[in-house]
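Me: I have a new model open and would like to go through it. Can you help me read it?
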Amino acid sequence: MPHTINTTCPVQPVIQALFGGTFDPIHYGHLHPIETLAHQTGLKRVILLPNHVPPHRPQPEATAQQRLTMVRLATQDHPLFTIDTRELERTTPSYTIDTLESFRHELGERQSLAFIIGQDSLLSLHTWHRWSELLNTCHLLVCARPGYQTQFATTEMQQWLTQHQIYDPALLNSKPNGYIYLADTPLLRISATDIRQRLQQGLNCDDLLPSLVQKYIDSQGLYRQ
């Protein structure tokens with residue numbers, strides 16, 4: 001049975017949600033869906049976590065400092081976003097569960113905490129380090145991604161999703177962790193890989209990422225090789 005709650009009650013904001021990535025570079029495909037997600041769920045703060053050593057993908061082309069600078073430029077006029085550098089300060093792979101446990105330790109056991117992922121990441125979640133412990137520390141907020149299935153390939157994982165999925169975001173504040181909310185976010189066909197390829201070809205990317213980020217990329221000569 002789906003979880004329900006009295007929808008006449010005002011939605012209480014989730015205090016904060018985390019969103020990690022290499023941000024190589026950060027772009028509108030990161031920012032716009034999260035802004036929509038925040039509107040849907042009442043999020044007041046999203047903490048961006050640039051990765052240093054991502055365990056599930058190739059290493060970034062830009063340096064850690066360059067990627068951090070781009071994230072700062074992209075969000076400097078957006079009060080929704082703040083930045084946390086703890087993953088950049090690691091020299092070992094950035095496993096999500098370790099970061100979440102670090103935040104949970106700081107917040108205590110009673111504060112609601114959410115982690116934002118894309119539909120692609122949800123479908124591959126079973127390959128993550130200690131994935132089954134994630135919901136012990138946080139809620140999962142899932143942004144839609146174009147071209148990805150809406151269901152798991154296995155019955156076991158689909159049952160896991162059904163067990164934890166909620167349809168009313170107000171429930172996110174009824175307990176500190178343990179729920180999955182699939183958000184209705186825009187399907188933007190923007191990827192950092194495509195942006196890097198366009199830049200290598202000398203193509204314009206003004207409609208794909210903030211102008212300050214584009215200007216910084218140009219000034220640093222990034223993604224030209």
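Me: How many salt bridges does the count come to?
Reply: This is a predicted model. The count comes to nine salt bridges.

Me: Which residue forms a salt bridge with Asp84?
Reply: Arg86 does, and the closest N and O atoms of the two are 2.9 Å apart.

Me: Are Asp84 and Arg86 buried or exposed?
Reply: Both residues are buried. Arg86 counts as buried because its relative accessibility is 17%, and the cut-off for buried is under 20%.

Me: Where is His105?
Reply: His105 lies in helix H3, which covers residues 96–107. With 70% relative accessibility, His105 counts as exposed.

Me: Which residues are linked with Glu101 in a network of salt bridges?
Reply: Asp98, Arg130 and Glu133 are linked with Glu101 in that network. In the salt bridge between Glu101 and Arg130, the closest N and O atoms are 2.6 Å apart. Glu101 is in helix H3 and Arg130 in the loop between helix H4 (119–123) and S5, 29 residues apart. Glu101 is partly exposed because its relative accessibility is 31%, and Arg130 is partly exposed at 28%.

Me: Changing topic. How many residues does the largest nonpolar core have?
Reply: It has 38 residues, and those with the most contacts inside it are Ile26, Val46, Met70, Ile116 and Leu141. Among the elements that each supply at least two residues of this core are strand S1 (16–21), helix H2 (64–75) and helix H7 (211–220). The largest share, four residues, comes from H1.

Me: What is Val46 in contact with, leaving aside its neighbours within four places in sequence?
Reply: Val46 is in contact with Ala17, Phe19, Ile34, Leu80, Phe81, Thr82 and Ile116.

Me: How many residues are in the second, separate core?
Reply: That core has 24 residues, including Ile47, Phe115, Leu134 and Leu140.

Notes
Residues numbered from 1 in each chain as written. Predicted model: local features only at pLDDT ≥ 70, side-chain atom pairs only at ≥ 80, totals over all residues. Heavy atoms only, no water. Buried < 20%, exposed > 50% of the residue type's maximum accessible area, 1.4 Å probe, protein only. Core = buried A, V, L, I, M, F, W, Y, C linked by side-chain atoms within 4.5 Å. Contact = heavy atoms within 4.5 Å. Salt bridge = Lys/Arg side-chain N within 4 Å of Asp/Glu carboxyl O.
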